[in-house]
Amino acid sequence: MSALYAKNALLPAGWAQDVLLQWDAAGELSDVTANALHPAGVELAEYAIPGMINLHSHSFQRALGGLTEKAGDGPDSFWTWRDLMYRFARNITPEHMEAIAAQLFSECLRHGYTSVCEFHYVQRAPDGALYASAAETAARVIAGARLAGIGMTMLPVLYSYAGFGEAPLKPEQQRFKTDAQDVLKIIGELEALRDAQTEVGVAPHSLRAASVSQIKEVLSSLPHNRPVHIHIAEQQAEVRQSLDFSARRPVQYLYDEVQVDSRWCLVHATHLAEAEVQAIAHSGAVAGLCPTTEANLGDGLFPLEPFLAQGGRFGIGSDSHISQSAVEELRWLEYGQRLQQQRRNIAVSAAQRNVGDFLWQGALQGGAQAAGRAVGALAAGKRADIVVLDGDHPNLYGLAADEVLGTLVFSGNDNLVKHVLAGGQWVVREQRHAAQPAITARFKQTLAELREFR
């Protein structure tokens, strides 16, 4: 049995003092006791919080970060960025995917993420053929997660069409091509990799790229408790296309055709009518919000305040990975609302008036639900995913517990994560990942190889 003693720890009911956290060899928290004595020989922490869940990741895009920030001849948008991403994806090998994933996940861990949901759609070889193992690239991303030590929910993507009405894929999209049977085959091959640190769900890419009949076919064969994620209503153009095709907005179209419940995560859901806000909230689905990517791509702002007023659940993801910081996602989730409404302290509830606490705890709950894993809380039976903050840092020094998360999210740009435990293993110590030299060397070699094709 391993243990950590925290002077202050964020438990499901709120902050508690003098907390003894114990976990077993399988990486599961076996006992969490507040107001405990400090046992001799047990490591001491000033502040311990649950590791955050990154509920939306396209890991290979980490290698693209910063390379699309040059204006073209005409107006730039999500759609022009997407064309650049397609060109970049043409030459990535499975070995590259593993190296990029390991680098990304090591960075995520250093910034307080201990779980990630991988929305994985580069399935085929550059010539469009399936690999001998249909799950080759997905397994490589899982291997990168295991090298880094992060928990993983792998979501193989159903991606058949280039637009509403079953428009044929473009040549540059052939590496993403899957039909319902392809996806189910990939999921089947990944079954052997499922364990306490690894879950497997599914992700219809979007209503543009997967038909309703395909989505229903996959869901009919998927175990009922597996996570289901989908991109939806990210861009105004997508809303217009959905209206042209179905006479319904994307969220309305989805809810009319498919039974959406708490195992679903609707990623972005940026452009919503009032009835769609209510539908998502009342269904128990999670809104997967990625503020740094949504800002980078010019998507727009999610209607957070009315969604929360309806009891909506949310989580955060880093999506294209222009940032690997949970703090930055939460900060800009709140700041976007402030800029839009010209008010302050918006993400609160009657029970929780501290914005930082509300955001961190809300994202933990929504992220855990979207991941479909026993994460997101310091409680017996959950994974031992613990972030130890640097109590000696000037920003946190001497704070009351209920001031910590507000300061973490809204004060300064230093990384205040000191140590990280993921699945019962110390993967980050003194802000340094345990396998960083080897991971970084492989990543640099991958960048050198990929940039030969630019």
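Guide: L359 lies in helix α12, where helices (H or I, at least four residues) and strands (E, at least two) are DSSP runs numbered from the N terminus. The model is predicted, so local features need pLDDT of at least 70 and side-chain atom pairs count only at pLDDT 80 or more, while totals for chains, interfaces and linings use all residues. Residues are numbered from 1 along each chain as its sequence is written, and side-chain values use heavy atoms, leaving out hydrogens and water.

Visitor: Is L359 buried or exposed, and what is its relative accessible area?

Guide: Buried means under 20% relative accessible area, exposed over 50%, and partly exposed in between, with a 1.4 Å probe and protein chains only. L359 is buried, because its relative accessible area is 0%.

Visitor: How far apart in space are L359 and G406, C-alpha to C-alpha?

Guide: In sequence, L359 and G406 are 47 residues apart. In space, their C-alpha to C-alpha separation is 9.2 Å.

Visitor: Which side chain of opposite charge is nearest to D357?

Guide: D357 is found in helix α12, which spans residues 355-371. Lys and Arg count as positive and Asp and Glu as negative, while His and the chain ends are not counted. D357 is buried yet has no salt bridge, a term for a side-chain nitrogen of Lys or Arg within 4 Å of a carboxyl oxygen of Asp or Glu. At 12 Å away, the nearest side chain of opposite charge is R338.

Visitor: Why is strand β11 largely enclosed by the rest of the structure?

Guide: Strand β11 covers residues 264-268. The strand is largely enclosed because the number of its residues that are buried is 5 of the 5.

Visitor: Which residue in β12 stands opposite C265?

Guide: Two strands pair if DSSP finds at least two bridges between them. β11 and strand β12 (residues 286-289) pair in the parallel sense over 3 bridges. Opposite C265 in this pairing stands V286.

Visitor: Through which helix does the chain cross from β11 to β12?

Guide: This β-α-β crossover is right-handed: with the strands pointing away from the viewer, the path from the first strand over the helix to the second runs clockwise. The helix on the way, residues 274-283, is α8.

Visitor: Which residue in β15 stands opposite V387?

Guide: Strand β14 (residues 386-389) has both faces covered, with I386 and V388 buried on one side and V387 and L389 on the other. Joined by 4 bridges, β14 and strand β15 (residues 417-422) run antiparallel. Opposite V387 stands V420.
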